[in-house]
Each structure stands twice: as C-alpha cells, then as structure tokens.
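Reader: Could you walk me through the surroundings of the ligand? I'd like a close look at just that part, in plain words.

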Amino acid sequence: MKTIELNHPLIEHKLAILRDKKTGTKEFRELISEIAMFLCYEAMRDAKLETTEIETPLEKMKIGKLDEDKYAFVPILRAGTGMLDGVIRVIPNAKIGHIGMYRNEKTFEPVNYYFKVPKDIEHREVIILDPMLATGGSALDAIELLKSKGVKNIKFLSIIAAPEEIEKVEEKHPDVQIYCAHIDDHLNENKYIVPGLGDAGDRIFGTK
Ligand code: PRP
Ligand code: URA
C-alpha cells in the first residue's frame with residue numbers, strides 16, 4: 001500500500017515550527033502530540049462502525065459507533081510515546097502496548113529491549129507510533145514482532161519519513177498502511193533524515 005502523506009496547510013505550518021531548531025521542549029512535545037492526533041484521524045477514515053440506536057432530545061435514531069476496545073496503540077520507545085497523548089484523545093478506550101528499541105549508533109541497526117502488548121493482541125487493529133522512519137529498520141522489526149504474535153491488522157503512524165526507505169517497508173509489508181505528515185529528502189551519512197527535525201527522542205525528552 002502506498003504511504004498516505006498528510007497534505008494540508010495546517011500540517012505544513014505545524015511542521016515548520018516543529019522542525020525549527022529554536023523550538024523548545026514544551027512546544028515540540030505539544031506539536032508531536034497534535035500532529036499525531038491528525039494522523040490518527042486520517043488513519044480512522046476506513047474504520048468500520050457498528051450501528052446502534054440512540055435517542056436525541058428529539059427522537060430515536062440509528063447511528064454508527066466505533067468499538068474502541070478493538071484498537072491498540074503501540075508506541076516504539078522512546079520517541080513514539082510522545083505521540084500517545086494525541087492519539088489517545090481520538091480513541092480514548094484503545095489499549096496500549098510498548099516496543100522498546102534503539103538504533104545502534106555505529107551499525108544503525110535497531111536493538112530490541114522491551115516488548116509488552118495487551119492480551120488478545122492478535123484480534124486487535126494495531127497502530128504503531130514512531131515519529132521518525134529513517135532507515136526503516138525499527139519499523140520493519142516492530143511490524144515483524146507484531147506479526148510473529150499473530151497480529152494481522154497493522155497501521156503505522158510516523159511524522160517524518162525518508163523516501164527510499166519508506167518504499168522498502170511498503171514493499172516488504174504491502175498490507176501495512178503507513179501514514180506520515182511528510183516524506184523528506186534523504187538520509188545523511190549518520191542516517192538522520194534531512195531536512196528532518198533532528199533527534200526526535202532527545203527533543204521530546206530534552207536529553208541533549
Ligand atoms: C529513533 C526513532 C525511531 C528510529 C528510526 O529512535 O524514534 O525509532 O530512530 O530510525 P530507523 O528508521 O533508522 O530505525 P532512537 O534510536 O533515536 O531511540 P529513542 O526513541 O529512544 O531516542
Ligand atoms: N531518529 C531520529 O530521531 N531522527 C532521525 O532523523 C533519524 C532517526
């Protein structure tokens with residue numbers, strides 16, 4: 001499936017502030033959370049609703065409702081947790097799992113250090129959260145881990161992605177729909193996305 005890129009003036013405006021190196025931790029966190037909310041809104045466009053009957057102050061009516069309980073958000077630690085606030089505002093009753101991964105600074109390969117997901121994960125629609133899709137190594141490992149647990153329905157929300165690398169993930173997992181706010185230009189020699197926004201985890205947590 002071809003990646004869905006949010007193409008909207010409001011998103012470009014928010015990305016302009018997010019990318020700016022002068023933007024401080026508080027505003028950076030808020031923007032990551034807000035953009036995640038818009039990504040989640042887009043990712044729910046094909047959501048199946050269950051018809052229920054409600055009563056307005058005027059009359060009874062049939063209307064579609066989401067079974068929020070069948071969704072699970074799975075942020076990739078650390079930076080993915082910055083997106084959690086925003087998506088939870090959209091689907092407050094979704095379950096939450098965590099995948100711990102960091103990129104080895106020399107090989108750029110992901111190292112998995114934690115995995116904890118809600119029970120019955122194989123029956124849920126799983127939405128992976130990670131603001132940066134650079135070499136795609138972390139995304140591929142996270143998708144493969146979840147598939148090895150029987151998960152069949154996966155979406156991936158990222159804020160900034162690198163062009164050729166996102167295609168690798170699309171080719172390897174054509175069933176996983178990726179949503180991103182912007183596909184950038186290229187990766188530099190340290191495998192950072194250019195122009196990008198720098199190190200998402202460090203900017204969210206103020207660690208550098
Ligand atoms: C960042 C980012 C992704 C990964 C992307 O995490 O949040 O998880 O790098 O790179 P890739 O596509 O090349 O795998 P990082 O390793 O900096 O860990 P952190 O979130 O703990 O800061
Ligand atoms: N991880 C980040 O936080 N930023 C990048 O540009 C690449 C990987």
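Author: Three elements, β6 (98-103), β9 (132-133) and α4 (137-148), each bring at least two residues to the shell around ligand 1; helices (H or I, at least four residues) and strands (E, at least two) are DSSP runs, numbered from the N terminus. Bear in mind that this is a predicted model, where local features need pLDDT of at least 70, side-chain atom pairs count only at pLDDT 80 or more, and totals for chains, interfaces and linings use all residues. Residues are numbered from 1 along each chain as its sequence is written, chains are lettered from A and ligands numbered from 1 in the order in which they are written, and side-chain values use heavy atoms, with hydrogens and water left out.

There are 14 residues around ligand 1, and Arg103, Asp130, Ala134, Thr135 and Ser138 come nearest (near means a heavy atom within 4 Å). Sorted by class, that shell has six nonpolar, five polar and three charged residues; Ala, Val, Leu, Ile, Met, Phe, Trp, Tyr, Cys and Pro count as nonpolar, Asp, Glu, Lys and Arg as charged, and the others, Gly among them, as polar.

Now for the polar contacts (pairs of N or O atoms within 3.5 Å). The side chain of Thr135 puts an N or O atom 2.5 Å from an oxygen atom of ligand 1, and Ser138 has a side-chain N or O atom 2.5 Å from a ligand 1 oxygen too. For Arg78, a polar side-chain atom lies 2.9 Å from an oxygen atom of ligand 1. On its own, ligand 1 exposes 510 Å², and the protein buries 90% of that (Shrake-Rupley areas, 1.4 Å probe).

Methods: Polar contact = N/O pair within 3.5 Å; in protein donor to acceptor, adjacent residues only side chain to side chain.
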